[in-house]
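Me: Here is a structure that is new to me. Please take me through a few of its residues, one question at a time.

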Amino acid sequence: ANSLDTVSRPLLDRMEIIELSGYTSNEKFHIAKDYLVKKSMKNNGLDDNDLTISDDAIEAVIGYYTREAGVRKLEQQIGKICRKAVKKLLENTERPIEVTKQNLEEYLGKERFHFEKMNEQDEIGVARGLAWTSVGGDTLSIEVNVMPGSGKVELTGKLGDVMKESAMAAISYIRANSQKLGIAENFHKTKDIHIHAVPKDGPSAGITMATAVVSALTKNPVRNDIAMTGEITLRGRVLPIGGLKEKSLAAFRAGITDIIIPNENKADIDDVPKEVRSKINFIPVKSMDTVLENALR
C-alpha cells in the first residue's frame, strides 16, 4: 500500500506494518541500467545492436518523467522508449538507435516533472520545509505576508487539519515570546498574517511556519540554503518527525546544504545515503530558539 489511510482500521490492527523506504536517484539509475533496460529490450525483441540508451537519458527519465518511491513508472517509461524504437526500426531507421537526453522528448514527450530548486537569494517571510509523501520526499515552501490589520490569521493552500493546527501553535509560540524575539507585543491586534503553503498535511511543517512568520514580523530574511522539518509545541519545543531519509533526498535534489532536524532524529541520520550525508550538514535542535539562530540572517 502507498498509504495506510486507505486500509481498514480493524484490519490494520491485525497486521504487522513493515515500512520500505524509497530508492535514491542513484539506486534507481543502477536498477534501470543493470536490469530494467535489459528486461524491456528483451521483451521488445531488441538487442545492443538495435538500441542504446545513454546514462544521461536514464537520469532524465528518473528526474523529469517519473515521481515515485519505487521504479514501476520508470520501467513503464523505459518500455515506452523500446516500443517507439521498434517502430523506428520497422521504418528502416539506421541501427543502432541512440537515445540521449537531447532527443528523449521524441520518445516520451514533454518533461512531466520538475524539482523545485532552492531560492536564488535569502527572502523575508519565505522558509523551506520538507515533507514526506506516498511517492517519497518533497520540499515545501511556506510563504508569509504581514499586513496592517486587526489580528486576522489566514491560511491558504488547501491545508489539512494537522497543518492548520501547526500554524496556530506557531502563532501562539510567537505571541508568548514576542519580547524575546524583538516583535511588538500587540502584533496580534495590529497585524494580519497570511500563511500560504502547497497542499500537504502533517505536523512536521511546524517549525517552518514559525520561522517564516518570525521572519516576516522581524524583517530578517531566511537563509536560502537551509531547509527544516520538525513539529513545534506551544512552548517552542521541537518534536521528532518521520521520513528523514526521504526528506533529505528531496533537500539534496533542491541544492540545499543545511537541514535543521529535531534532536531526537539524530539516530536517523545513519539511514541517509552516504552520497547525501557527505554534502548536507544536519543541525539537530531541541527548541525553536536554536532553529531561529540557524535559519535567520
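Me: Where is G230 placed, and is it buried or exposed?
Reply: This is a predicted model: local features need pLDDT of at least 70, side-chain atom pairs count only at pLDDT 80 or more, and totals for chains, interfaces and linings use all residues. Numbering starts from 1 along each chain as its sequence is written, and side-chain values use heavy atoms, without hydrogens and water. G230 sits in the loop between β7 (226-228) and β8 (231-232); helices (H or I, at least four residues) and strands (E, at least two) are DSSP runs, numbered from the N terminus. Buried means under 20% relative accessible area, exposed over 50%, partly exposed in between (1.4 Å probe, protein chains only), so G230, at 0%, is buried.

Me: Which residues does D225 touch, leaving out those up to four places away in sequence?
Reply: D225 lies in the loop between α9 (206-218) and β7. Its relative accessible area is 17%, so D225 is buried. Contact means heavy atoms within 4.5 Å. By that rule D225 touches M118, I256, T257, D258 and R297.

Me: Which residues of helix α12 are buried, and what arc do they fall within?
Reply: Helix α12 covers residues 288-295, and its buried residues are M288, V291, L292 and A295. The arc is taken from the directions from the helix axis to the C-beta atoms. Seen down the axis, the buried residues of α12 line one face of the helix, because they fall within an arc of 95°.
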